[in-house]
Amino acid sequence: MLIIGLIGAAGLGFLYVRFFIQRRTPIRYAVSSVAAVGGASVTPFAMGQCGFAPETTGVDRLLAYGLMAVGAAVALVIVRSFFDRRDGLSNESDAFAGEIRSGGYRMGWWVPWVLLAPTLAILVVFLYTPAIQTFTLSTRLTRLGAPRSVDVCFRNFSELLVAEPWRLVAYPLIAIGLVYGARFWLSRTSPGTWSRRGADLATIAAALSVFIALYAMFSPGGGGNVDFRAVYLTTVIISVGVVVVGMTLGLAVAYLAYRSLRGGSAYRTLLIWPYAISPAVAGVLFFMIFDPTAGIFTHAMESWFGIDVPNYRESTLLAQTAIILASSWKILGYNILFYLAGFQSVSLDQVEAAVIDGASPWQRFVKVVWPGLSPITFFLLVTNLTYAFFEIYATIDFMTKGAPAGDTSVAIYEIIRIGVNNGDLGRGAAQSVLLFIAVIGITLWQFRTSGRRVTYGGA
Amino acid sequence: MMGFNPGVRKRTWFRGRDWPYHIALIVTALGIAFPLLYATLIATQNNTEIFSFKMTPGSALASNFESVWFKRDFAGAMWNSTQQALYVTTGKTVLSLMAGLAFVYFKFRGKWLVFFLVLVTLMMPTEVMILAMFRLVSGFGWQDTMASIVVPFLASATGAFLFRQHFSNMPVELLEASQIDGATPVKFLTRVLIPLSWNVIAALFVIQFVYTWNMFLWPSLIIRDESAQVTQVALQTLTNIDGALTYGPLMLSAIIASVPPAVVFLLMQKPFMSGFALGQDK
């Protein structure tokens, strides 16, 4: 069975040269095939070929092949950059060389290494080592504090996924097909036509289909599997909520504050100070506001509007809303700060031109200001998303502790619940790996789109 | 600051239409401040006053403070957090300065690999590997120690790249002049580079201080001993004093816990802003 995978990888390497490399020689076909086989065999051999044991079936087997494909793909990307450099096609490596070209001191070779040693030592011991251990832990059944562990191969992952292998193949293919279809349609239309509007809608639908495909690929629970769809849905609702509410309000307040007013810097300080507040304190403050017996929110709703509000920790909608409100409040100052800086880069000439053309304030905002803000919006999108993935943990811990029934238990909260509170390290690590993949995906998407580097709040 | 609505600029002499914006901004600022103002009110009240929803300052500020600061030793937690934040911030700054110096002013074999290794850590937030890290650091026997909440956070890719970028924008003549003077790299760093980098150092200081002070998840896992606990996690034990839910002390401690990062942020706002702008361009 492993042989089939390796032959497939060799074929993949061959086809890759045939269709994606301009200068094709027999040696290149050979190099590419060998590299693909090498890349594909990394994971099966690192895992003791457990994915191809006779008793491994279904989703587990599919995951084994999937990892081989990923290994082959990574190897092919490396091979391609090598070919491109030989052909003088690559300007990417030139840019990278430019980044590191500078120098000046010509001293002993060891001097820079001494300067870098502390940083490297800490990164290797406290980032790379646990990162690799997260992957190895995810294939094991192991208890916190227990010395023994059992190899469970892909079981920790397959129990997070839907039971039928064909779904795991079909759904992503459909979603990718829709995305590329929408992009193709969009590229054939021109602005202002009905066809363009249709294509715009199709693009949104295609983006949504990616979310839906992921939902459908995760396990609905039952049969000894984890209800991972619930975790996924909670994470998506809360992070999208925080990003949308926090960034919309941030933009609105910054737009309001960006005026030539007296006392401008005092206003600015009064608007952005929640940046210094911690997610934990945000949780405490909103815990008080929404408290079912002593909080002002419940009291005001009852005495002013006569609405009997249920305990927010027992209502999915209220609990998620409360978490989103508290978290958006905390990140609001950060968003205002960056949008205020972003407004400074909006071209004043273009705004004046729009005024002369008789554009309404709203048209001015949509046609001139908003496009000018897109780099900062994109930067904030990524930082807000990272915040909503991780920092939100403390807020949830103070407000709902994941209640009701896990409806506010986002991925990071679930990982700690399983890995530390239940002491099930392997299962927690498997979910960590999925979160890791999500973060890598977002970061690579950001690298590609903007070429800028993200800062994870200084981590 | 100039508005991008050209009509706005005329208002420098036509002040009449400013007040709607002033009112809107004041209302917004009050709205943003509401959770904190409300918490301040609660912090002065005892449970009876809280449950009768009195909207005037209560009588229990002193007793709330006493139960937070003395009964529960919140002062100890504050001291732990202060130490942690100062160690991490100082260590990160020094290590980042050294890494920036090596990246910009030295040529060496394998530089691209080191650069790549540091760059990749930008997409490795601690939280996704927190279980393995917990097992690893527990294995060192570091539970309940200051080392466990300081050492893992001493290296910073953000800081290294911030200084790398700042140094590479500096004129080459600086290095040439100091080399003619026979200055060693360390002297060059302390005499030339650092005095020219205070803005960046201050910006990094604010970001790192706030980040470290506000850390919650990691200390909540690795520190179980209450006397070694940091402020953010110590808040959790304050939800319950003498077997009852106590809102006043909890709100008071939340406010106290926010004072140090707020002070750092306010005092260093100016260099923070200019350093941030610097970190923003490519």
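## A tour of chains A and B

The crossing of helices α8(A) and α9(A) is right-handed. The model is predicted. Start with this pair.

**Stop 1: α8(A) and α9(A)**

Select residues 194-217 of chain A for α8, then 228-257 for α9. Their axes come within 8 Å and cross at roughly 150 degrees. An angle over 145 degrees counts as roughly antiparallel, so α8(A) is roughly antiparallel to α9(A).

Now show side chains. From α8(A), pick Phe211(A), Leu214(A) and Tyr215(A). They meet Arg229(A), Tyr232(A), Leu233(A) and Val236(A) of α9(A). Colour this contact by class: six residues are nonpolar, none is polar and one is charged.

**Stop 2: α1(A) and α3(A)**

Move to residues 2-20 of chain A, which form α1, and residues 58-86, which form α3. How close do the axes of α1(A) and α3(A) come, and at what angle do they cross? They come within 10 Å and cross at roughly 35 degrees. The crossing of α1(A) and α3(A) is right-handed.

On the α1(A) side, select Gly5(A), Ala9(A), Leu12(A), Gly13(A), Tyr16(A) and Phe20(A). By class, the contact of α1(A) with α3(A) has eight nonpolar residues, two polar and one charged.

**Stop 3: the domains of chain A**

Colour chain A by its domain assignment. Domain 1 runs over 1-95, domain 2 over 162-217 and domain 3 over 227-450. The C-alpha centres of domain 1 and domain 2 of chain A are 27 Å apart.

**Stop 4: the loop between α16(A) and α17(A)**

Helix α16 of chain A covers 374-399 and α17 covers 411-421; Pro404(A) is in the loop between them. Display the backbone here. Most residues other than glycine have a negative phi, and most peptide bonds are trans. What is the peptide bond from Ala403(A) to Pro404(A)? It is cis, with omega near -10 degrees.

Lys401(A) is in the loop between α16 and α17 of chain A too. Lys401(A) is not a glycine, yet its phi is positive, near 50 degrees. Is Lys401(A) buried or exposed? It counts as exposed, because it has 12 C-beta neighbours inside 10 Å.

**Stop 5: across to chain B**

Show both chains. In the interface, 90 residues of chain B are in contact with 89 residues of chain A. Which helix of chain B gives the most to this side? Helix α2(B), residues 19-43, with 12 residues. The side of chain B that touches chain A has 67 nonpolar, 15 polar and eight charged residues.

Then hide chain A. Chain B contains 16 helices and two strands. Of its 282 residues, 44% are buried.

**Stop 6: the domains of chain B**

Colour 13-61 as domain 1 of chain B and 67-280 as domain 2. Their C-alpha centres are separated by 33 Å. Nine residues of domain 1 and seven residues of domain 2 make up the contact. On the domain 1 side, α2(B) and α3(B), residues 47-51, are the elements that give two or more residues. The largest share, four residues, comes from α2(B). This side of domain 1 has five nonpolar, four polar and no charged residues.

**Stop 7: Asp73(B)**

Select Asp73(B), in the loop between α4 (61-71) and α5 (74-105) of chain B. Asp73(B) is not a glycine, but its phi is positive, about 50 degrees. With 15 other C-beta atoms within 10 Å, Asp73(B) is partly exposed.

**Stop 8: α7(B) and its end**

Select residues 130-139 of chain B, helix α7. Its buried residues are Ile130(B), Leu131(B), Ala132(B), Met133(B), Phe134(B) and Val137(B). Just after this helix, Gly141(B) has a positive phi of about 75 degrees.

**Stop 9: Ser156(B)**

Finish in the loop between α8 (146-150) and α9 (157-168) of chain B, where Ser156(B) is found. Ser156(B) counts as buried, because it has 29 C-beta neighbours inside 10 Å. Which residues is Ser156(B) in contact with, leaving aside its neighbours within four places in sequence? Select Lys92(B) and Ser96(B). Then draw a C-alpha to C-alpha distance from Ser156(B) to Thr93(B): 8.5 Å in space, against 63 residues in sequence.

Notes. Residues are numbered from 1 along each chain as its sequence is written. Chains are lettered from A and ligands numbered from 1 in the order in which they are written. This is a predicted model: local features need pLDDT of at least 70, side-chain atom pairs count only at pLDDT 80 or more; totals for chains, interfaces and linings use all residues. Two residues are in contact if their C-beta atoms, placed from the backbone, lie within 7 Å. Ala, Val, Leu, Ile, Met, Phe, Trp, Tyr, Cys and Pro count as nonpolar, Asp, Glu, Lys and Arg as charged, and the others, Gly among them, as polar. A residue is buried if 20 or more other C-beta atoms lie within 10 Å of its own, exposed if 12 or fewer, and partly exposed in between; C-beta atoms are placed from the backbone. Domain bounds come from an automatic or database domain assignment. Axes are lines fitted to C-alpha atoms, for helices over the stretch in contact, and angles run from 0 to 180 degrees between N-to-C directions. Angles under 35 degrees count as roughly parallel, over 145 as roughly antiparallel, 65 to 115 as roughly perpendicular and the rest as oblique. A crossing is left-handed if the near helix is turned anticlockwise from the far one by less than a right angle, and right-handed if clockwise.
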